[in-house]
Each structure stands twice: as C-alpha cells, then as structure tokens.
Amino acid sequence: MNYIDSFRRAGRSLRNAKGRTILTSLAIAVGAFTLTAALAAGTGARQYADKLIKNNVNPQSIFVAKDPSMLGEGGSSLTQGLKEYSEGASSFGGMLYKTLSTKDLELIKKTPGVDRVDIMYMVDPKYVIFEGFDKKYTSHVTAYEPSVRAEQAAGNIPKLGDQLAENEVIIPESYAEILKKKPNELVGKKITLHIQKSLTPPSQEEMQQAFMSGGTKAIEKLVAAESRDETFIIRGVSAKSSTSFSASAAIFVSDEAAKRMSDYMTAGTENYQKYLGATVQVKNGTDPETVKAALKTTYDKAGEKEHITAKTAKDLQNFLFTIVNIIQSIVMVFGVLALIASVFGIINTQYISVLERTREIGLMKALGMRGRHVKRLFQLEAAWIGLIGGAAGAALAWVIGMALNPWISKQMSIGENRILVFEFWPIVALLFALVLVAMVAGWFPARKAAKLDPIEALRTE
C-alpha cells in the first residue's frame, strides 16, 4: 500500500466520522487563525518599523544622553524611585536628570568620526500667542532635529538633514485642531513666545537690603522675573501620523533660536549650559557603530566617571523590533494554547475512531494489511484533520486581515502602510507544522490500532 492509497482511505474514514472531525478541525482552525494573524501582524509591524527608520531617521545619526532613561534604558524617571545622585544632574519638569555639560560636548566633538553635534535644547515659554487669536496658550518648545524628519500636513517641512531658518517654526497638526483651523491656514502666520528668565529666590538678607533701600517697590523689582518676546513665522505643520518620529506635541524652532532662548532663560541657574541630550552626526563613510564604541573610549581616556548612553538608528530599529516581537509572542501564546487543546481533541477523536472501527481494522489485517500500514492510515487521518483545520484558519485570517487592513491603517494613521502582511512561505511552514503536530497527536491511537489482534477485532460487536 502506498501513501496515496493511505491518504484516500484516510479521507473516506474522516467522512464517516464527519461530526467529530469538524469539531476537532475547528479547534485547530482557531489556533491556525491566531498564529497566522500574529505572523502577519509581526511581519507588517517589522516592515513598517524598518520603513519608519529608513525614511525618517538619518542612518549616520547617534543619539546620546548622560541619563539612560532619556534613551529608554533603565525605565522612566517617573518609575525609577530611588536614583543615584549625580553632581551634574539638573531638574527639568520637576524631575532630576543627569545632563550633558559643555565639557561633555567637547569630548564628543573630539571623538574620531564625529562630523557635528546637535544639542537638544529645552525651552518652556510662559505662554504662546498665535497671530489672529486673543487667547494665550502653553506649549513646549524644542530644537528641530534635522536627522529626524516629520511628515508634512501643510507648508514646507525641511528635507532630512536641513535645518529651520532662525525665524521659522514648525507646529504639530494637533494645534490646528485646537485652534479650529485648517493646517494650511496657519502657515505664514506669526507666533510669539513669551519667555521668562528662571529666577533664583533671593535670600532673606537680600530682601532686607532691598526693603531698606527702596521699600516694597524695590522688593517687587527684586522678585520680578525678567522676560521678553520672541516672534517667529510658522513654516509648516507636521502631520499627526504614526509614520513620523517628529510628530510630537512641541513647537520646533531652529537650533540657534533654541540655544538663544535656552541660555537666556537659564542664565544664572544650575541648568545653564546643561542639556538632556544631543544628536551626533557621523561622517559619511564612517560606521556609526564604530563611533558609538569610540565615544566610550574617549570618556575613558578623559578619566570621566560617568559615561554617556548612545543609540544608533539601528539600535532604535532593534528596539522597535523587540517591542513587536514581544507583542507577537504574546498573541502567539494564545494560538499555541488553542493548538494544545486541539491535540487532545485529535487524540480523543482518533481513539474513538479506533474503537468504532475495530472490526474494520481486524478485517483489513485479516486480508493482509500490515500493522505499520494501519498505523500509517490513522496518522494520515490525523494529518488530514491538521491540514483541513490549519488551511481553514489560515484562509479565514487572510480574508479578514485583508478586509480590515484599510480600516486598521486609518485608525492608526499610518497612511498606505499595512499592518497585516501575509507572506506565502511562513503560512506554508505553519500548515506543515500543524500537520506534523496532528500526526504526532495521532501516534498513540494509531499505535493502538496497529497492535490490534485481527481475530479478536473481528469478534468485536
């Protein structure tokens, strides 16, 4: 007897036990559906993350910071609890961070392979005024990062590697929604940032001297913070899209303007010329990984106790891939649990089939069929169950996934990208694995059928 004959017999046997077979196949279909969807989601998410990095991040960039939490290491500063004190730490937004000093920046600039260093300036204006609006708003302001490009909703977003002019800003699309304007209606409008110097509280002695010299007016002048306005032109509006790293809720200004405002606001305070992070641009032809390793060597030679944390564009990609893999693994666990349940279903179905067909098995053996052929027949029946269930689940996942892809893309604001990408060979490999699992599950009932005594089997009622 060859495998084709065995497969035909297996098919006829399955048709005779249609009810149990359908239920068992449905259990496998649930697992196959979940696993197929998880594979598609993982493939789509990795392709999307890869496209996101390649299109929006300069591969020659290295992101550096003194505080590991700024680059996603060691957890968020909000959840760290007890944290080691650092002499170079400064307070930003009520949290204490290790910061880069001018000395750190000089060490970075001296590292072989470094082309330039773009500093991450943080500016928090007291309020913001938009031309044509009476209300005042609050917003964060940060330097535009030329190595990371935003998607464009309106106006003109600089090309990757280009910087804003000193009098230009980019605002996020969410601002247009708040102002109840279309993005293109804000392009070309003026925006005024009212910035205020950080004030160090005067000592009691200074207060007394001010009062003695000028009374209450002198005290008011002493505690009054110096402020000024900075006016810019809105060059563009960044799209509210998941395809861009720069689509944040901050106003982007040029690095020159950010430095000017940052120095003005922090002069005379502990935050003066201290920065949360910077972006290192590596010379063309130089491997960013080499420069990343050289940064540590530079700090070692300088005898610095605290080193910097550095991430390349590839590190960011791997970080995104890790998140995708974790989520994919969690989803696949549910698929595996469904398959484990279906394995017991196959064993139960096949055992019942052996019991119901005992006389048939005895007759086949009496007519000359060998035990290994009987065993093969039942294992191929199990393979049929695995193949039917797997194919049904995979096909259903493909149909539903392709139908939902446009809706999912719209909800996630990822444009024409598809988050569910079905590839042929992974699905084929999955079906092959399901068939193998089903055959393994059918091994015990098949073994029992192969060992039946033909005479005893023919006597069975």
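F252 is buried in this predicted model, at 8% relative accessibility. Buried here denotes under 20% relative accessible area, exposed over 50%, and partly exposed the range in between (1.4 Å probe, protein chains only). F252 belongs to strand β13 (residues 251–253). Strands (E, at least two residues) and helices (H or I, at least four) are DSSP runs, numbered from the N terminus. Residues are numbered from 1 along each chain as its sequence is written. Because the model is predicted, local features need pLDDT of at least 70 and side-chain atom pairs count only at pLDDT 80 or more, while totals for chains, interfaces and linings use all residues; side-chain values use heavy atoms, with hydrogens and water left out.

A search of the whole structure returns five aromatic pairs. Rings of Phe, Tyr and Trp (its six-membered ring) pair if their centres lie within 6.5 Å; planes under 30 degrees apart are stacked, over 60 edge-to-face, and the rest tilted. Y121 and Y275 make an edge-to-face pair, with 5.3 Å between centres and 85 degrees between the planes. Y121 sits in the loop between β4 (114–120) and β5 (122–123), and Y275 in the loop between α7 (255–266) and β14 (277–282), so the pair ties together parts 154 residues apart in sequence. Both Y121 and Y275 are buried.

F252 pairs with Y144, also edge-to-face, at 5.9 Å centre to centre and 90 degrees between the planes. Y144 lies in the loop between β8 (141–143) and β9 (152–155), and the pair links distant parts of the chain, 108 residues apart. Y144 is buried, at 3% relative accessible area. Elsewhere, ring pairs join F130, Y137 and Y175 into a cluster.

Two charges sit over rings. The criterion is NZ of Lys or CZ of Arg within 6 Å of the ring centre and within 35 degrees of the ring normal. K136 lies over the face of Y127, 4.3 Å from the ring centre. R228 lies over the face of Y264, at 4.1 Å.

D104 is part of helix α3 (residues 102–110). D104 is buried, at 2% relative accessibility. Contacts (heavy atoms within 4.5 Å) connect D104 to K66, T99, Y299 and E304, leaving aside residues up to four places away in sequence.

The chain holds 14 helices and 15 strands. Of its 461 residues, 43% are buried. Among contacts with a separation of 6 or more, 81% involve residues 24 or more positions apart.
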